[in-house]
Amino acid sequence: TKGNILATIAQTSANTAGETLTFNGAMFNNVAYDLSVPVGATQSDLVNLINNDTKLKDLVVASIDGSGFLKLESKKWGTNGNFTVASNLTEATDNSGIGTVGGVATVGLDIGGTINGMTATGIGQFLTGGTGTDVEGLQAQYTGLTTGVIGTINFQKGVAAELSISLNAFTDTVNGMLVTTDKTLQSQIDDIEERMTSFQERLDLRQAFLKQKFLAMERAVSALQSQQAQLGAIMSQSQ
């Protein structure tokens, strides 16, 4: 629904003292906006003044209700369209009738409900599927006033959405196919590197073992050569 404010007294004569109406609230981003009503303004003049004001004309609609009271209605639906207005004058028949208290206010309500039985968030007339549900992001505008089960929405994803989903299957930074393939390849590379490291360690051990054997063989050959020299010397002396 839309929020509205109704004056408490009907203006029946021209304004005699001038008047300032101060608008505020959610629709005005909680920043006060003043409208000056000149002396001599009739109720009809006030309605035209509000409806043609450079700022107010985009936010509220002024009219006269069936009882002759000034009515100000938001142009926005729901809580974002709620506003306040107060006069610097006590309500009387020669002014807006809003008064310093601000007239009789009826707040605007956001739509509320579910989509396909799942949680949805309402803002104004728009109902949006809740995060984590099967209808997440799906948005429907309802312009009626009937409550209960409203009807059925037939929804089919468009080409762009399907393409986005397909691309996401490849490019998702957590579970995308490219990431998964990259992780698989990296795992294989890591495995090969581990195997190469293991082979290098075994090779280093084998090399160290062969060096030890070679050194032992050299020492044995050197000992044999020394013995051969000693035997040669003994044989020379015996001759």
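**Strand pairing, core and surface patch**

In this predicted model, Val 37 of β3 is the bridge partner of Glu 19.

Trainee: What makes β2 and β3 a pair?

Mentor: Two strands count as paired if there are at least two bridges between them. β2 and β3 have five bridges, in the antiparallel sense, so they meet the cut-off of at least two. β2 also pairs with β6 (residues 84-87), again in the antiparallel sense, over four bridges. There, Ser 87 is the bridge partner of Leu 21.

Trainee: How do you know that the side chains alternate along β2?

Mentor: Glu 19, Leu 21 and Phe 23 point to one face and are buried.

Trainee: Which residues touch the most other members of the largest nonpolar core?

Mentor: Among the 21 residues of that core, they are Leu 21, Phe 23, Ile 50, Leu 70, Leu 72 and Phe 83. Helix α1 (43-52) is one of the elements that give two or more residues to the core, and its three residues are the largest share.

Trainee: What does Ile 50 touch, leaving out residues up to four places away in sequence?

Mentor: Leu 21, Leu 35, Leu 56, Lys 57, Val 60, Ala 62 and Leu 72.

Trainee: Why is Val 221 called partly exposed?

Mentor: Its relative accessibility is 39%. Buried means under 20% and exposed means over 50%, so at 39% Val 221 falls in between and counts as partly exposed. Val 221 lies in helix α3 (residues 177-238). With Phe 214, Leu 215 and Met 217, Val 221 makes a nonpolar surface patch of about 360 Å².

Key
Residues numbered from 1 in each chain as written. Predicted model: local features only at pLDDT ≥ 70, side-chain atom pairs only at ≥ 80, totals over all residues. Heavy atoms only, no water. Core = buried A, V, L, I, M, F, W, Y, C linked by side-chain atoms within 4.5 Å. Buried < 20%, exposed > 50% of the residue type's maximum accessible area, 1.4 Å probe, protein only. Contact = heavy atoms within 4.5 Å. Patch = residues over 30% accessible without salt bridge, like charges linked within 9 Å, V, L, I, M, F, W, Y side chains within 5 Å. Areas by Shrake-Rupley, 256 points an atom, 1.4 Å probe, with all protein chains shown as cover. Salt bridge = Lys/Arg side-chain N within 4 Å of Asp/Glu carboxyl O.
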